[in-house]
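Hi there,

Here is the structure I promised to send over. Have a look at it first, and then read on for what turned up in it.

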Amino acid sequence: SIELSPGAKSAVTGADGRYAVQVPAGSYSVTFGKDPADGFEPLTIPTVNVAIDLTTTLDVSVVQTNPLVVSAGPQQFQVGFGRVVTLSGSVTGAPAGATPTYRWEQTSGLPVTLTGATTASPTFTTHKAMDVFTAGAIDLPLPLRHEVMGLATQDVRAFSYTFRLTVEAAGFTRTATVTIETVPWSTGNHVVPLNMRAMLGAPQQAAYNWTIAGKPSGSNAALDYPNDRLVTFIPDVAGTYTITESGGAATVTKTIVAAEYRGVEQNCKGCHEDIYTEWKRSKHSSLFTRGVSGTASDHYGESCVSCHSLGYYKGAANSGFDDVQKADSWVFPSTANQSPEAWASMPLSLQNLANIQCENCHGPGSLHMSNKERIAKPFSAAACNQCHLAMSHHDRGMLWRKSAHANDELAIDEGTSAHCGRCHGTQGFVAWVKQMRTRGDSGNIKKPDGSAADTAYLESIGMKASTVTAPSCQACHEPHTTELRIEENTIGALPAGFEARDVGKGALCMTCHNTRNGLRDDAHPPTSYSAPHRPSQADMLMGKNAFFLSGYNISKHAAIKDTCVTCHVALKPNPANVGVASIAHTNHTFKATLDICASCHSDMVTGAATKAAVEQGLADVHALAATKLAAKLDALVAAAAGGTAFKVRAWHRDTDQYSSSSSGTSNVNV
């Protein structure tokens, strides 16, 4: 067929496939073979100029339509590790008498060997979970403790395998792809979805010995690779699973609860009305609703649903969104059909599982009603990273992993005491912020009644080596509203002994990033041997706690609305320095690059120049301090020469440690 735009007067066929078309002078678009029934691929010549009384000749060659329809088989879910997987390719529409040829190739995932790569159904064996880590195929810190591993969608892709099938027949070629998934996403909670493979990890040790010591009646669950550092199993019956690991110095027992989803409206709201009200203020509570209503974006698709609903995973049945969607025969609306009516017309049973809600983070709650302990209260970033860890768009978790905050080893070392745990662990920080707000007490963590916190109390709120987590999303953000836990002017004096007012969102940063031990300047000499805390950013910005300086020393940058947050979070850093393509306003590495100054100033104002000025200032202070210290030392030497004895504690600048535990046991004679 031939189609002209604008329309032709006539089309006359001639010999050898030639067509004569008489049209008025003008410019035309000519399309050959637009009708699929012709059996040819459409070919359009967009501009053909025709002059009066002249003939314009087109010499074209159209290609026969490719009749092949190729499938690489369905996506396979949570097939596990060290398992033989069979791919299932097929082709229809091959011309009569043609023999199709198959060619499979792997396009992503840790490389495997395909057996029968030129057949319709080749096989391969998935790697062990630990092999994927060892090969560096996944950017995820190995577990430091015995725990359920949190896996984000990005991590799941690293554990998966994608293959492309190319089929040729009678000169035609078609391709198709398929993904084989070994393990699903996970919040890292001890409450896990029924029928979804869970991964557990252990610290580095000489040997491992995992066993399932107890499981619900009728369960056939079994651990794969029980002598590896990483193991997985599928809880196939709702209930409690007791798993032990005895390869180390002591036997460790983990209790895992497998349950089904129930939904916020039908299960959570009745008992937790106050938290429900807070959650309704968050964007989480309406993201799916706004999506299918056509207001969230102009490209809302079904691929978004796995994060924007409850329990969406097609590889397991656990009363999640996909299970109810299938039962209700509900079809996700196309972009053109997304409207408020699309949401309103959804079955109520499906609306109950839509949006990001309680069980997305706390784990499925079908067993929570009968036992309040059968729910998780996550402080780990893994609960958020199941969705917020994607290189291409939701990148906050990926950026956070690159920050100094994401250091569980430091949390274990420092985050279990009432003093250091205020900032070095999420659980301690959350308790401390509540204490500051309710009692204005920025000292050590106390019990709710104001008494000193003992070890039993600290461990009861998660401040112990086996559970304390590095400063995570939940430390800075109230998880139900997703708002910052601290806003300007909502707390009193910082541990450094001064208030930071009118500093915007930077108030959250300053809560921890200060010298910690009260005012220290010429008017407030030290009252103890304890050295100032190294993170002194708030002191420097506000012009506080500096010896040998006088007058008003506040930084001009303190006038920026959100102070710290403006340069360290809101402004987009140089991706080359950050390591990933971060999105403006989400720089959760919290690292400001040296060229970020040009965002507000001219290109002539650089971080390097500012750094040089600061270093010169420090050199000046150092010289002044040396002069004053020399005078003090001369006085001490003279006193010692006169028979006066002094005892002091030595301090090592690299370790920030003293030679004795208190000033009462000073051990260095002068």
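A polar contact here is a pair of N or O atoms within 3.5 Å, where one must be able to donate a hydrogen and the other to accept it. Please keep in mind that this is a predicted model.

With that in hand, let's start at Gln474, which is found in helix α17 (residues 473-476). A polar atom of the Gln474 side chain lies 2.8 Å from the backbone oxygen of Ser380, and one lies 3.3 Å from the backbone oxygen of Pro378. Is Gln474 buried or exposed? Its relative accessible area is 4%, so Gln474 is buried, the cut-off being under 20%. Setting aside residues up to four places away in sequence, Gln474 touches a list of residues including Phe379, Ala381, Cys384, Thr426, Val430 and Arg485.

His533 is also worth a look. This residue lies in the loop between α18 (506-512) and α19 (537-542), and at a relative accessible area of 16% His533 is buried. Leaving out residues up to four places away in sequence, the contacts of His533 are His424, Cys512, Asn514, Thr515 and Arg516. Ser555 is 22 residues from His533 in sequence, and their C-alpha atoms are 20 Å apart in space.

Next, the charged pairs. Side chains of opposite charge can pair when their charged atoms come close. How many salt bridges does a search of the whole structure find? The search finds 10. One of them joins the side chains of Lys128 and Asp228, at 3.2 Å from N to O. This pair links distant parts of the chain, 100 residues apart: Lys128 is in the loop between β10 (123-125) and α1 (129-134), and Asp228 is in the loop between β18 and β19 (231-233). Lys128 counts as partly exposed at 25% relative accessibility, whereas Asp228 counts as buried at 16%.

Two other pairs are Asp441 with Lys446, at 3.0 Å from N to O, and Lys269 with Glu265, at 4.0 Å from N to O. Asp441 is partly exposed at 21% relative accessibility, as are Lys269 at 28% and Glu265 at 38%.

Finally, there is an open sheet of four strands, in the order β16-β21-β20-β18, with mixed pairing. Its edge strands, β16 (191-193) and β18 (210-214), each pair on one side only. From one strand to the next, the twist averages 35°. β18 pairs with β20 (residues 239-245) in the antiparallel sense over four bridges, and Ile212 has Ile243 in β20 as its bridge partner.

Conventions. Residues numbered from 1 in each chain as written. Predicted model: local features only at pLDDT ≥ 70, side-chain atom pairs only at ≥ 80, totals over all residues. Heavy atoms only, no water. Pairing = 2+ DSSP bridges. Helix = DSSP H or I, 4+ residues; strand = E, 2+ residues; numbered from the N terminus. Axes fitted to C-alpha atoms, helices over the stretch in contact; angles between N-to-C directions. Buried < 20%, exposed > 50% of the residue type's maximum accessible area, 1.4 Å probe, protein only. Contact = heavy atoms within 4.5 Å.
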